[in-house]
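Colleague: Please take a close look at one hairpin for me. Then set that part against the whole chain.

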Amino acid sequence: MALGERFSSLIILTPDANLYLIHPFKTQIKVKRLNFADRAYFKEAVRTKKPVISDSFISAAGNPVVIIAVPVL
């Protein structure tokens, strides 16, 4: 799975917001949070059933992050 130059990680959540997979795996083993249901981007994607782009923020690992939440309908 190639992410291309624009992305360093891909995160996949289950429909109930539990962590399913992070690519590359070396990133997944550093993650402490396993559920993201309380995050505004996840709530908005569930509510609208449309893709949501989060504001940028710094992850717990110190990396700049932008989340693109895309509901699977």
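Modeller: Strands here are DSSP runs of E, at least two residues long, and helices are runs of H or I, at least four long, each numbered from the N terminus. Two strands pair if DSSP finds at least two bridges between them. This is a predicted model, where local features need pLDDT of at least 70, side-chain atom pairs count only at pLDDT 80 or more, and totals for chains, interfaces and linings use all residues. Residues are numbered from 1 along each chain as its sequence is written, and side-chain values use heavy atoms, without hydrogens and water.

Now the hairpin. E1 and E2 form it, with 5 residues between them. In the turn, Ala 17 has a positive phi of about 75°. E1 covers residues 10-13 and E2 covers residues 19-23. The two strands run antiparallel, joined by 4 bridges. Across the pairing, Ile 11 of E1 faces Ile 22 in E2. In a regular strand, side chains alternate between the two faces of the sheet.

Next, the setting. The protein chain holds 2 helices and 6 strands. Their order along the sequence is β-β-α-α-β-β-β-β. The C-alpha trace spans about 30 × 25 × 25 Å along its principal axes. Buried residues (under 20% relative accessible area, 1.4 Å probe, protein chains only) make up 18% of the 73 residues. Contacts mean heavy atoms within 4.5 Å. Among contacts between residues at least 6 apart in sequence, 13% join residues at least 24 apart.

Definitions and conventions. Buried < 20%, exposed > 50% of the residue type's maximum accessible area, 1.4 Å probe, protein only.
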